[in-house]
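Student: Could you take me through the reading of aromatic contacts and of a sheet in a model, with the criteria stated as we go?

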Amino acid sequence: MTQINQQTNAYLNRKFIIIAIFLVTGLIFVARLFFLQVVDPSYKLSASKNILRYITDYPARGLIYDRNGELLVYNEPFYDLMVIPGQVRDIDTTEFCGLMGITRDFFDRRMKQAKEYSLYRGSVFVRQISKNSYAYIQEKLHKFPGFYVQPRTLRNYTYPVAAHTFGYVGEAGPGIINNNPYYKAGDYIGISGIEKHYEEQLRGEKGVRIKVVDVLSREIGSHQRGRFDTVPTAGKDLYTTLDINLQLYGERLMQNKIGSIVAIEPSTGEILALVSSPSYDPNLLVGRARTQIYRKLQRDTLNPIFNRALMAQYPPGSVFKVVNTLIGLQENVVQPGTRLSCPGYYSSRGITVRCRNHPSPIDLIESIKYSCNTYASILFRNVIEQDDFENIKESFTNWRNYLTSFGLGNVFDNDLPYALSGLIATSDYYDRIYGTNGWRSLTVLSLGIGQGELGTTPLQLANIAATIANRGYYITPHVVKAIGNPDSINTKYNEKNQTAVDKEHFNVMAEAMFQVVEEGTGRFSRIEDIEMAGKTGTVQNPHGENHSAFIAFAPKDDPKIAISVIIENSGYGATWAAPLASLMIEKYLTGEVNRKWFEQRIVEANFINPENQ
Amino acid sequence: MKPEQLNILKNIDKPALFIYLVLVFIGLANIYATEVDDAYKNILDFSQSYGKQILFIAAAFLTAAIILSIDIKFFTAFGYIIYIFFLLVLIAVLFFGTEVKATKAWFHIGNFAIQPSEFAKFATALALTKYISSLKGKTIRFGNKIKPFIIIAIPAILVMLQNDTGTTLVFSAFFLVLYREGYISGIILAFAAMAVLLFILTLLINEFIIIAGIAGLVILISVIIRKRKAEVLQLIVLGILLSVYVYSVDYVFENVLQHHQKERITILINDEVDMKGPGYNLNQSKIAIGSGGFLGQGFLQGTQTKFNFVPEQSTDFIFSTIGEEWGFVGSTVVILLFLIFITRIVLLAEKQRSAFSRIFGYCVASVLFFHFAVNTGMTIGLVPVIGIPLPFISYGGSSMIGFTILLFIFLKLDTKRLERF
């Protein structure tokens, strides 16, 4: 015997212990299996091949109210007929099709789709059965194994307005389902507007009931007495800042016009009305026909889905003079008493800006009142050509920083998804086109009268009106004031955003804008007993008739409403946008409109098909 | 070469080879049952997991054929090199691997994913075997006693860094080999096993019943060995100590364990837990197995299986399909097959003349046993939910090929039983 074998033999007996461990383990397993499979009845579903079915309880989606507590968006129950193709057997197809009111062809097509998805998981077979037919169908459903009914809810809108603000709810697509475990095939999700922004608050939490069903898919009872069931939690209600009467009125005024109205309560930043025209009835984008109608709306050349209030970017035109003049005052290149004469045009080194006929010479307030292009051009050149700056790049950037302090060139961090930022060119942009320092104030002169490389959205323009109403600051405009209950105020939007211009200059501007309406370009829209301040604008449109623009706030000394109105292809701001804005203000402040002929003129105006007028 | 190959086929252990083929077939049939859909019954559909499993099996058979035909010295001589190579691969996967369910253990190549930790097992077995067998005839010093543990620990730690707890624990299977070779004493192994067993039992059953059981055993054994007074005394002391231990388990469970450790154990004891987490899997698995009854629902007839109620059923929870469709009879057959298979390997190992072959045989048996015990125990709720595959049965290419390599290196060594090298 060698040493090796002695050493091995020393532990030879251990092989018995190891084999014993194996056998004991096996014995325990067999005993356990005997207990599970033969003795213990609690895990047994075998006798009648019962199976579990998971029924999702969808919570009610949060309701949406207006600022005065009026219900705007609510839910209506409906039922989806679901099918589990693997459980369908021996059914009378003719009777089934008759009961459901579907054709045999539809039946075959749907069954094929459902089989392709899964034989053993539920697919929607007939979408959105009404409450009445549900009661009828439910009684007969036991004849059709494999079919069951899944309750859900659909959105319903009290008024056919504010479609863009609400947005819409649709079935979650595969991209969402794969990335977010909360959503399953057939679930609904907010796709745009506040339905999207507040999705998590609105949707609530789903619940699930586990039912034991037999081969004929009849419910036998709860699985383990409902031990694993969960109860759904309803979504939270939203209290919006919208005034539904003002919204309705705005949409009525904007009929047959392309453009938008944005009305804001200046002291809170709450959006009172947000109109984008043409619009659509939100009740259309609900339910079975949604996809089809959406496609139709998409093909419409007037693009009703496009939210002009947040996404259309126009050069602001003369409305912009209020901002430039405020910058001029702050930079001290001009004083309220500065008088300049206007010969009807402004001309320098071969560049000419035309102006209209008005008294001359004029001071700063009068320059706003008459919307003088000469005054605006000189003022803008003085801002850009100040000696304190080394080059135009610096002075231009200084000017641009003022604009961003007014919220221009940026998207507000608010609750309205898909807004655009507008456009303010940077000095780098001009450097690229004209070469570094290859450009002068004259090169960018058109910015002085709100034309050129400038884009502002109607929301941004309304915010400028609100900023002047507040004499120097704005609160981020938003549409939801409270979530859950009306007293839980949305504190996310209560911070004052100060502009880079001092309050005293805003007082001058408020007076100037008051003069515009009292006896200036906007005098046609003056409202008896309401001190309105405004500024007209006419946006040059190379593709057709100019766009009419107007911003305003009222009352002048205690502003309750600030507004912007843009009506595309309608001409002068004074002729269309200003009267429309004055009607909105009158409606909001007094509750009714006395100038009926004035109202009728606006309602009847048609800029989409002018020949119908 | 030809006569030698014929020789191999003649010398290869037939019972082991037969059980291997049966297990592979049982696996394929049950994977087919979990995935098959009435609409697509073609077994050769390579987009479905059973179709892919056929490819994996073909690859495994090819691997087995290669191992049987090459010179076995390749494995005995290059044991350390193979081990170091796979350590480097395990390090590489930490940097270049892709994350699947929070575990960074996979290399993706085209449509296929490779899990290197499945191959690290046989590499570790080779290195461990080579080291221990190289000490034959030498006096084992303290340093020599530590090194085997280091050989096991390095890959285990690397796998742990991949966040794969299940596969990490598999490396503890090698302690059984160390026990057989005398590196761990029986008392330690017995205490460890007893402690684990009693711990679980105590949480399952009332502790006073267990203490009564211990007392009964002590009395019974004492009567048998009543003439050896000293040993009876020792036995009584041991019985008292065990009773105290059982009594203290509740205290340890409530006050010493971490939350996630506790959670894994609570799932075992009580299914009143989060039904979306591992508890859900376990509950569904138990329902599936329980609904199998004595004879099972029959092939392709298991409703729990067909309706996909058991998550990960084709991989870690494959045993629940067997339980549902083949019942108590079928599951017992599978358990017996594993027991016979592993015992056969141990018996073959003991017949080997070379220490290398014997030790490697124990490595194979231990790894297979660990996988079998933990996987099956998990599906019937006796072991916490630890995601490791059931050898030769679970769906997956890496594990199928990895286990095949492990087994066939030993079967090849066994054909050379009568030769010395």
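**Rings, charges and a sheet**

Tutor: The charged end of Lys130(B) lies over the ring of Tyr80(B), 5.6 Å from its centre, where a charge sits over a ring if NZ of Lys or CZ of Arg is within 6 Å of the ring centre and within 35 degrees of the ring normal. The charged end of Arg601(A) likewise sits over the ring of Trp576(A), 4.0 Å from its centre. This is a predicted model, in which local features need pLDDT of at least 70 and side-chain atom pairs count only at pLDDT 80 or more, while totals for chains, interfaces and linings use all residues. Residues are numbered from 1 along each chain as its sequence is written, chains are lettered from A and ligands numbered from 1 in the order in which they are written, and side-chain values use heavy atoms, with hydrogens and water left out.

Student: How is the pair Tyr182(A) and Tyr183(A) described?

Tutor: A pair of aromatic rings is described by the distance of the centres and the angle of the planes. Rings of Phe, Tyr and Trp (its six-membered ring) pair if their centres lie within 6.5 Å, and planes under 30 degrees apart count as stacked, over 60 as edge-to-face and the rest as tilted. The search finds 46 aromatic pairs over all chains; the centres of Tyr182(A) and Tyr183(A) are 5.1 Å apart with planes at 80°, so this pair is edge-to-face.

Student: Which strand order does the open sheet of 5 strands have?

Tutor: The order is β12-β11-β22-β21-β20 (chain A), with antiparallel pairing; strands are DSSP runs (E, at least two residues), numbered from the N terminus, and two pair if DSSP finds at least two bridges between them.

Key
Helices (H or I, at least four residues) and strands (E, at least two) are DSSP runs, numbered from the N terminus.
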